[in-house]
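Q: Could you take a close look at one helix for me? I'd like to know how it sits against its surroundings.

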Amino acid sequence: MSPNIRNVAIIAHVDHGKTTLVDGLLWQSGTFRSNQSVAERAMDSGDLEKERGITLTAKNASIEYKGVRINLVDTPGHADFGGEVERGLQMVDGVLLLVDAAEGPLPPTRFVLKHALQQHLYVVVVINKIDRADARPKEILDQIYQLFFDLDAKDHQIDFPIIYTDARKRIALSSPDESTEGKDLTLLFDAIIKHIPGPKVNTSGPARMLISDTSYGNYVARLAIGKMHGGVLRVGDRVRLFNDEGTNPEAKITALMVYRGMEMVPTDKLEAGNIGIVAGIEELKIGDSLCDPVDSKPLPRLHVEQPTISIEFLVNTSPFSGRDGDKVTSRTLLDRLQKELRTNVSLQVEASGTENSFTIKGRGELQFAVLAEQMRREGYELAMGRPRVITREVNGKVEEPFERVVMDVPESCIGVITEKLGQRKGEMVHMERMGEDRVRMEFEIPSRGMIGYRSTFLNDTRGTGILSSYVLEYRPWRGHMLDRQNGAMVADRSGMTTPYALFNLEPRGRLLVQAGVEVYEGMIIGEHNKTNDVNVNCNREKKLTNIRAAGSDENVILTPVQPLVLEKCIAWISDDELIEVTPNNIRLRKRVLDQNKRSIVRTEREDDE
C-alpha cells in the first residue's frame, strides 16, 4: 500500500456541488497563488461546461496535503454521462459521495454509488449545501443509509465518516449544528487521508498501467492517462500496448507527466499507485493496457454499461448545405465520430441501412445534443433523426429498457404529471410528502416514454420541479405509445418569410421562425394547432392597391419566437422529420422535402399499416 498517495473520485447528482467543492480543495491546499486569477468552477474547462454549468467529462487534478499526494477525479453528475463516471472510478481507491442537504440522494446518485460499491471502493459521505433554508441533513443521512442497505454495501463501506460542508464558503463541519466561525476544509482533508486507503500495488513487479482517458498535448501528440497498477515507468522505456484488436504493438515512452493542480508537469518516472500521463503511443484507446514488454500481464479491459438509446446522424442534404460549414461529407462526419469514440467510452457508432447515415448509440438525449453542439462549433454540418430505444429479443418476445423516474414537484402539479406519464405508459410506485407543499413521486416507465418529456415537465412545473432517472432493466414491450399530438406547419416554397404571411399564420399554431428568414420547401416553420401537418405559404406579401383606408397599413406585431435548442428539437421531431445542424443555424425539416413526393410516401405508409 502506498502511504503517500490517495486516489479519490467525487461522485454526486448534477448540481449538488462537486466542482465547487473541488475548487475549495484546490484553493485551501495552496495549489493556487493567493493573487492568482482563477475562474469559478475551474475544473469545468470546456465552453459547453461553462455555459451549461454542468460537468460533461471526468477530469483529473492533484493536490499536496501534509506530505500526501491526493489525486482527484471530478466526475459528471448527469446520468447521460455515466460512462465518464465508470472510467473515472477505475483510477481511484475511494470516493467522496456528495449529497445535497435538501434534495437528498437522487437516481444518478444511486447509479454512481452502485458502481463504486461494486468495485469495493471506500466511501466518505459529504452532505453539502447545509446553508440552504430547506436543508434537512438528518433526514438526508437516513436516506443515505437506506441507499447503502438497498445496494448491499459491505460492513466496512457502511461504516463511513460523515462530513457536512458548505462548498461555496469552503467550510467542513462534523455536525450541521456546529458553528462555522473560523472553519475551513481541514476536516475533509483529514477524512480523506484517514479513511481512504492508499493504492495496493506491487512496486517491484513489472510495469502495468490501465488507460482510462486519452488527450492531446503540445509537441507530444497522443497522451495516455491512467493509474499505474505495478512497477515503474521511466522516460525512454519500451512498453507493450495491449489493445482490443490483438496487435499489441511496442512503443517507446517519449515523455511522462503527473498532475500538479490541474496542470500536467513533466516527471522522470511514474511509480505504482500514482495517476499519470504517458506520451509516445499513437494508436491507443480507453481500456488498453501498457505493460512491460518482457513480463507482460495485461489488466482487465474497462467495460461500461451498454447503451439504451440510439439516434441517426446523417449528411446534411438540405438546399442550404455547405453555406455555413466546411465539413459536410460522409467521410468527414465518420472521421469525427470515430475520433469521439477514442475518448467517449459510452458511445457506439454503426453504419445505418441507408447511404450517408450513421447510428449513434448512447445513454440519453443530452449526450447526443452535446456531441452535435460540439461538432457544429467545429465547422460540421449534419442532420439528426429522432431518438429510438434499443430493444432486444428474448425467447421470441421483444423487450425494451425501463427507467425509474424520481420527481420533486409542487403538490399542485401531481394531477398533470400523473396524467401525462400515464399516457407514456408510466406507473407510479411511490409518493411521499417532502415539505409543506412539495411531493416526491417515483414512476417506472419505458425509456421511450421519457424521450421529449423533460421539457414538458419543466413547463408543467413552471421550472420548479426536479427530475432525474436511471435505467432499471429490460422488460416486455408495453405496446403503442402516443406520439406528438401536434402536427407541423411546413413551408411549401423557398423564399424569405414576411411579417404579413407570418401574422396570418399565427392563429394556426406556434411559429418557429422569425420574419426575414430564408426558408426552403419542406422546412418546418411552426407547430400546427391540430394533429395533421399542413403546407403553408410563409413568403406571401400583401397585395398593393391604390385604395387606402384607416387602419389598413397598421404595423404588424408578431409574437416573439424562442430560438431553437438542440435538446428540445430532439424531443419534438417525429419519425419523418430531421434536425439540420450547422455552425450558424438549427432548422427543422421533413425527410422528404418535395410536398408531392411526401404525400405519396405518406399514402404508401398508411396502406402498409
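What follows is a walk around helix α5.

A: First, the ground rules: this is a predicted model, where local features need pLDDT of at least 70, side-chain atom pairs count only at pLDDT 80 or more, and totals for chains, interfaces and linings use all residues. Residues are numbered from 1 along each chain as its sequence is written, and side-chain values use heavy atoms, with hydrogens and water left out.

Helix α5 covers residues 137–150; helices here are DSSP runs of H or I with at least four residues, strands are E runs of at least two, and both are numbered from the N terminus. Its 14 residues reach 20 Å from first C-alpha to last, close to the 20 Å expected at 1.5 Å a residue (1.5 Å times one less than the number of residues).

Now for the packing. α5 lies across β4 (94–100), β5 (122–128) and β6 (162–166), running at about 155 degrees to β5 (axes are lines fitted to C-alpha atoms, for helices over the stretch in contact, with angles from 0 to 180 degrees between N-to-C directions). Its buried residues (under 20% relative accessible area, 1.4 Å probe, protein chains only) are P137, I140, L141, I144, L147 and F148. They cover an arc of only 115 degrees around the axis, so they sit on the same side of α5; the arc is taken from the directions from the helix axis to the C-beta atoms. These buried residues pack against β4, α4 (107–118), β5, α6 (155–158) and β6, with contact meaning heavy atoms within 4.5 Å.

On the face turned away from that buried side, K138 and D142 are exposed (over 50%). After α5 comes D152, with a positive phi near 55 degrees.
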